[in-house]
Each structure stands twice: as C-alpha cells, then as structure tokens.
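Q: I have a structure open and a few things to ask about it. Can we go through it piece by piece?

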Amino acid sequence: MDETATLTPRKHPWRLVANLRRAVLMLFVFGQTGIASYYLLWVLPYHGGTALEIGMLALFAILYAWIAVGFWTAVFGFVVRLMGGDRHSILKRHTDAELEQTALAKTAVLLPIYHEPVHWTLSGLKAVYRDIERTGQIEHFEFFILSDSRDPDVWLEEQVAWNKLAKELGGEGRIFYRRRPVNLNYKSGNVADFLRRWGKRCKYMVVLDADSLMTGSTIVRMVQLMQREPGVGILQTNPNIINGQSLFARIQQFANRFYSTLFATGLAAIQMGDAAFWGHNAILRIEPFMKHCGLRKLPGIGIFGGPIMSHDFVEAAYMGRAGYEVWLEPGLSGSYEESPPTLADELARDSRWAKGNLQHLWVMLREPGLRFAHRMAFLNGIMAYVASPLWLGFLILTTIAAANMTLSPIEYFPDGHQGLFPLWPEWRPEWALGLALSTLALLFFPKFLAIIDAVVHRFTKDFGGLWRLFCSVMLEIVISVLLAPLRMWAHSRYVVSALLNVSLQWAGQNRTEETTWKEALITQLPGMVLGAGWSAFAWSLDTMFFLWSLPVALPLILAAPTAVFLSRNSLGQALKKRRLLLIPEENTAMALLEDAVWYRAQEPENSPLTPLEQAVLRLDHNRLHQALAWNHRRGSRKAELESCVARCLELGPDALSRSEMSQIVRDRESLKVLHEGAWRALPGSFWGHSIARLSAQAKGP
C-alpha cells in the first residue's frame with residue numbers, strides 16, 4: 001500500500017472489537033443510571049410529581065451518567081491490565097525486534113512557546129535533544145522553536161537563548177527558531193505557520209508543550225510505530241506529571257501518575273483507533289495533517305464564531321474523517337509534563353480551556369462526516385466544564401425543594417397530578433443513603449481499585465510502599481473533596497463567561513510563585529461568601545439539610561486558606577521527605593529528568609540590562625538580531641521607523657509603545673542605527689546610563 005496516499009474509510013480489524021466494547025460500556029452506564037434515577041424518583045417526596053422534582057431528576061441523570069463513564073473506564077482499564085494488556089493496541093502488534101529494525105524517517109520536534117520563562121523552557125528542550133542523542137538517532141530529527149511572544153524583551157531573549165543553545169549542542173542547521181510577526185489562531189496557527197514553511201522537510205512531527213519532556217527512546221519508538229503503521233495519522237502518549245514542588249502540584253502529580261494507569265488503559269481500550277489528540281506529547285503524520293486538518297473559523301456568532309481555540313480534539317476528528325487512525329498508547333512511557341503550581345494557576349488555565357471546549361459543541365453538532373467516537377470525545381470534553389453549572393443547578397433546585405418543604409404547606413395536588421385523591425409526600429431516608437453511597441462509590445472506588453492494581457502488579461514500592469501509598473491516596477481524596485466545590489464554582493463562572501463571549505487574555509504559565517493571602521482572598525471571596533450564605537440559609541431551614549450542605553459549603557468557606565496552603569512548596573517538600581505522594585520517577589534515576597533539572601538550575605548570568613538594551617548595546621547581540629530581522633523600510637514605513645528610532649535614542653525605550661518598539665527591533669537597519677547612535681549618547685542620557693551599567697558589569701566586582 002502506498003502510505004503517502006489518502007486512505008479511504010474501510011473496515012479495520014479492530015473496529016468490531018471497539019464497537020463491542022463501547023456497547024458494553026453504554027449498557028453499564030445507562031443501566032446503572034436508570035437504576036439510580038429510579039431510586040431518586042422514589043426518594044423525592046412527590047416521586048417526580050412536580051416540575052421542580054422533574055428538573056432535579058433530569059440533572060441527576062445527566063451527571064450520574066457522566067461520572068459512571070469515568071467509573072467504568074477505570075474498571076475496563078483494571079480488567080485489561082489484569083489480562084496482560086490490550087492485544088489489539090498498536091504497540092502489541094509488533095515485537096521489539098521488529099521495531100528495532102525499522103528505519104526512521106525525518107521527524108520535526110516542535111516547541112511552540114508564548115511568553116514562557118526562556119531559560120527554563122529551552123533547558124527542557126536541551127534535555128530532550130541530549131536524550132535523543134543518546135539513542136544514536138539524532139540525525140533523523142530537526143528541532144523548531146516556534147515563538148508567538150509579543151513582548152520585545154521576551155522574544156529578543158528567546159533569540160539569544162536559541163543561538164546559545166544551538167552552539168552548545170552543535171545543533172546549527174538542526175535547531176531552528178521562528179517568531180511569527182502576526183499572532184493568528186493561537187497555537188494551531190503557530191503550527192500551521194511552521195507547516196507552510198517547513199512542512200515538506202519532514203514526514204512526521206512531534207509536538208511538545210513548553211513544559212513537555214520526552215525520552216529519546218520513546219520518541220524513536222513512536223517514529224518506528226508510525227513507520228510500521230501507515231494508516232495511523234496521530235499517535236498520542238499519556239503524559240505523566242513530574243517535578244511538582246508545591247503541595248498542590250504534588251497532589252496533582254501523584255493523582256495523575258497513580259490513577260491514570262487505569263484510566264488511560266481503559267480509555268485506550270474503548271477508543272482504540274478513534275482516540276483524541278491532546279495537543280502535545282504526540283507524533284503526527286505531516287502530509288495528511290496538512291491536507292485534512294486545517295481549521296476554518298467557526299461561522300456562528302459569539303463564542304461559536306472566529307478561530308477555534310482548542311484545536312487538538314478537532315484535528316483528531318478531522319484525521320479520523322479522512323480515514324486515518326488516531327491512537328492513544330499508554331504503553332509508551334517516558335512522556336512527561338508539569339502541573340500548574342497553584343490552584344489559581346490551574347483555574348486560570350481552565351478559564352481558557354472552558355471556552356475552547358465549549359466551542360466544540362458547534363463542531364460536534366454541525367461538522368459533517370465525523371466519526372461517532374470523536375463526537376463523543378467532544379461531548380466528554382464539554383461535560384468536563386458544563387458538569388459544574390449542572391451540579392450547581394442541582395444544588396440550587398435541592399435548596400429550593402428543601403425550602404418549599406419547610407416554609408410552604410404540603411401540596412396534596414402538585415402540578416400535573418390528576419385524580420380525586422391527594423398525593424401524600426413520602427420520605428425514604430434509607431433509599432437516599434443508598435443512593436448517596438452509590439454515587440460516592442462511582443467517585444472513589446476507582447482510586448482503591450488502583451491500589452489493588454498496584455498490589456497485583458507489584459509496583460507499590462514505586463510509590464513508597466503499600467502503607468504510604470494508602471496514606472497518599474487518602475490524603476489525595478481529602479484534598480480533592482476540598483477542591484471539588486471550588487472548581488465547581490469557578491468552572492460555572494467560566495462557562496457563563498464563555499457563553500457570553502467574554503474576552504480572555506493568554507499568557508505564559510506561572511512555574512514557581514506561591515499564592516499570597518491577598519491574592520487568595522481577592523480571587524476566592526465570592527465563593528466564600530456564597531458558601532457562608534448558603535450554609536446559614538440551610539441552618540435556618542433544617543438541621544439535617546445544614547449537615548447535608550456542609551461537604552459543599554465548608555470547602556467554599558475555607559477556599560482562601562486552602563489556596564494559600566496548597567501553594568506552599570515547604571508543605572510539598574515536607575511530605576516528600578516523609579515519602580508521601582511519591583511517584584516512581586522520584587525513586588529511580590532517569591537521565592532525561594536529571595538533565596532537565598541540572599540545565600534549569602544553571603541560571604544564565606544576571607545582566608543589569610534588559611534584553612532590549614542588550615540588543616542595542618552589545619555588538620554580538622545586535623548582529624544576531626540583525627541577522628534574524630527584515631528590511632521593512634519601504635514607502636511610508638521608512639519615515640515612521642526613522643521617527644521611532646530617533647525618539648528611542650533621545651528618550652529611551654519607554655518613550656515608545658510595545659508595538660513601536662517591536663517594529664524597530666525587527667527591522668535590520670533600525671537595529672544598526674540604534675547600536676551606533678546609542679554608543680554616541682551623552683553620559684547623562686538613558687543610553688549613557690545603560691553603557692555605564694554595562695561597563696561596570698564587564699569590569700566585575
């Protein structure tokens with residue numbers, strides 16, 4: 001078969017297995033949801049006889065079905081692992097010997113960045129480069145740093161750091177840097193810009209995030225699998241979180257590393273060749289991606305108009321529509337990313353993801369030809385955020401029902417009730433308890449199932465031993481219970497903001513800073529007031545209802561101290577010393593991770609000048625930036641640039657806007673004139689002071 005040709009949809013051997021597994025999953029989910037809904041119907045006083053109770057029943061059924069999907073996915077994963085793995089996975093189709101003999105093809109490693117910590121980010125790429133070198137296959141790979149940074153101080157620093165990195169690694173002609181002058185369509189637009197310029201250079205591309213790390217052996221194995229499987233368009237790994245320092249990051253790191261073994265295995269077994277693309281730590285076949293995965297702007301209004309923000313699920317769906325397979329392969333280890341260090345940073349990220357995921361509703365409903373499994377992936381991503389306002393709505397309806405029962409007379413003839421005899425309200429506390437326990441089982445049983453899996457497969461020592469593993473799971477459960485209402489309240493606001501098409505700001509992620517009390521009180525105060533008010537209202541209604549409200553109200557009231565203490569690195573490190581919340585990578589040395597930590601610890605020399613000042617004054621920096629700049633002095637632009645240069649020389653960079661400063665430092669002639677003019681500046685001028693600081697640095701202490 002010509003693997004460069006477009007595949008047409010055909011009956012694959014794995015599809016029958018996938019359809020059978022999905023049918024079993026749906027049977028379990030809907031069957032269990034039907035039973036739970038029946039129980040709720042008889043728990044409600046009027047057994048669904050009022051509009052309020054019908055609303056509660058509908059919301060409960062939707063939410064119960066959604067968490068049941070997660071429960072049964074974990075159970076599937078446990079069973080698959082108990083049977084020795086999924087023999088239908090693409091990794092199981094080939095022996096190690098076959099893969100080792102497979103020749104590699106030219107592959108691009110992409111690092112899209114946007115206002116990230118420059119030294120920290122490129123140090124991670126350096127570690128990946130070195131690890132591929134250790135495989136002896138570096139000649140098959142090229143590296144592309146794709147910048148969307150807009151601040152001149154940031155991208156000028158990026159250019160210097162890239163040049164230094166290429167020289168250190170001997171990677172001239174192998175490590176490339178490009179900054180788009182116009183930032184369109186977010187990360188997907190950045191990758192599209194790369195494909196337009198360099199797409200034909202390579203057969204595959206491995207896409208990383210700023211915090212991604214992947215071992216060289218894993219990247220090589222991914223290329224070999226793609227070579228062996230010409231029908232696969234995207235191969236996605238399951239990234240594990242590492243390098244957590246704060247208590248929050250270590251909780252997320254432990255939960256991801258320990259629980260995802262079951263969930264990712266189950267998800268891969270259900271999705272099979274109709275998996276999702278998560279946007280990073282994956283390999284893509286370039287030719288069909290370029291041909292079939294271009295993203296058009298949404299034609300609707302508000303949030304459903306304009307560029308697609310969350311591109312990855314859409315690109316996977318388009319690849320599937322073109323007849324190519326998309327696989328998640330949990331067996332590919334050595335794939336890593338990092339967690340936001342604080343709750344505030346996670347929620348800031350979620351505010352962007354919520355809007356992007358909600359856009360998928362338009363694609364799911366309006367885009368023709370998509371496979372059903374990919375439409376369900378869209379729905380699952382949407383529910384990840386819509387579930388929060390649905391839970392909030394269920395709590396509101398429950399509160400209204402409790403208030404009606406306490407403050408209003410009993411309705412013997414509620415809405416819709418027909419007949420001569422009254423409908424007597426009934427209470428079944430034992431049924432309500434059973435229903436609550438079944439819901440808790442859906443949420444927490446997979447966590448204990450993961451402990452059983454660890455015992456069966458004998459890797460409890462990787463997490464500190466069975467006792468410490470159990471304590472870590474219990475601690476994670478307590479923290480997750482505290483965080484659930486906070487996320488519910490935040491995600492509910494994000495969904496409403498997204499539907500109202502409130503504009504968002506995109507920025508680089510915080511990697512190290514802890515949350516202050518002031519920041520926590522400002523960001524969490526609305527939720528704290530809501531929790532306190534709801535709890536007080538519940539107390540005024542009924543003691544039992546007040547106790548029922550505490551699992552939600554109390555975490556909201558404690559939101560500020562929770563956010564502050566979870567952000568503390570000292571608490572995270574104290575638990576690490578006691579061997580709690582451990583992950584295997586903290587017990588076993590790994591060259592990639594050790595390199596990343598070492599390179600990031602080697603901070604560059606601290607300069608008294610900003611990157612922009614260095615670009616003007618330092619000859620080596622100035623020549624580098626000139627080599628990367630363009631000649632923009634044409635027509636009216638020439639006079640505009642000359643005016644900006646003159647003001648900059650006379651008054652310094654602060655006299656110009658960021659846009660004006662960007663224009664002159666990406667113009668070759670302007671950079672040359674700035675360098676020559678700054679060195680002729682008077683001692684008392686801005687540039688004279690900058691030269692004095694530069695000279696003092698050169699002389700040293």
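Q: Which helices do the buried residues of helix 21 pack against?
A: This is a predicted model. In it, the buried residues of helix 21 pack against helix 5 (152–169), helix 20 (611–617) and helix 24.

Q: And which residues of helix 21 are the buried ones?
A: Helix 21 spans residues 619–628, and its buried residues are His621, Asn622, Leu624, His625 and Gln626.

Q: Helix 24 came up there. At what angle do the axes of helix 22 and helix 24 cross?
A: Roughly 25°, with the axes coming within 10 Å. Helix 22 covers residues 636–651 and helix 24 covers residues 668–678. Because angles under 35 degrees count as roughly parallel, helix 22 is described as roughly parallel to helix 24.

Q: Is the crossing of helix 22 with helix 24 left-handed or right-handed?
A: Helix 22 passes helix 24 in a right-handed crossing.

Q: Which residues make the contact?
A: From helix 22, Leu641, Val645, Cys648 and Leu649 take part. Helix 24 contributes Ser670, Val673, Leu674, Gly677 and Ala678.

Q: Why would residues three or four places apart on a helix point the same way?
A: An α-helix has 3.6 residues a turn, so residues at that spacing point the same way.

Q: Changing topic: where is Thr562, and is Thr562 buried or exposed?
A: Thr562 sits in helix 17, residues 559–566. Its relative accessibility is 11%, so Thr562 counts as buried.

Q: How far apart are Thr562 and Ile54?
A: They are 508 residues apart in sequence and 36 Å apart in space, C-alpha to C-alpha.

Q: And where is Leu558?
A: Leu558 is in the loop between helix 16 (543–557) and helix 17. With a relative accessible area of 36%, Leu558 is partly exposed. The C-alpha atoms of Leu558 and Met528 lie 7.0 Å apart, and the two residues are 30 apart in sequence.

Q: Now the whole protein. How many helices and strands?
A: There are 25 helices and 12 strands.

Q: What share of the residues count as buried?
A: Of the 701 residues, 53% count as buried. Among contacts between residues at least 6 apart in sequence, 82% join residues at least 24 apart.

Definitions and conventions
Residues numbered from 1 in each chain as written. Predicted model: local features only at pLDDT ≥ 70, side-chain atom pairs only at ≥ 80, totals over all residues. Heavy atoms only, no water. Axes fitted to C-alpha atoms, helices over the stretch in contact; angles between N-to-C directions. Helix = DSSP H or I, 4+ residues; strand = E, 2+ residues; numbered from the N terminus. Parallel < 35°, antiparallel > 145°, perpendicular 65-115°, else oblique. Left-handed = near helix turned anticlockwise from the far one by under 90°. Contact = heavy atoms within 4.5 Å. Buried < 20%, exposed > 50% of the residue type's maximum accessible area, 1.4 Å probe, protein only.
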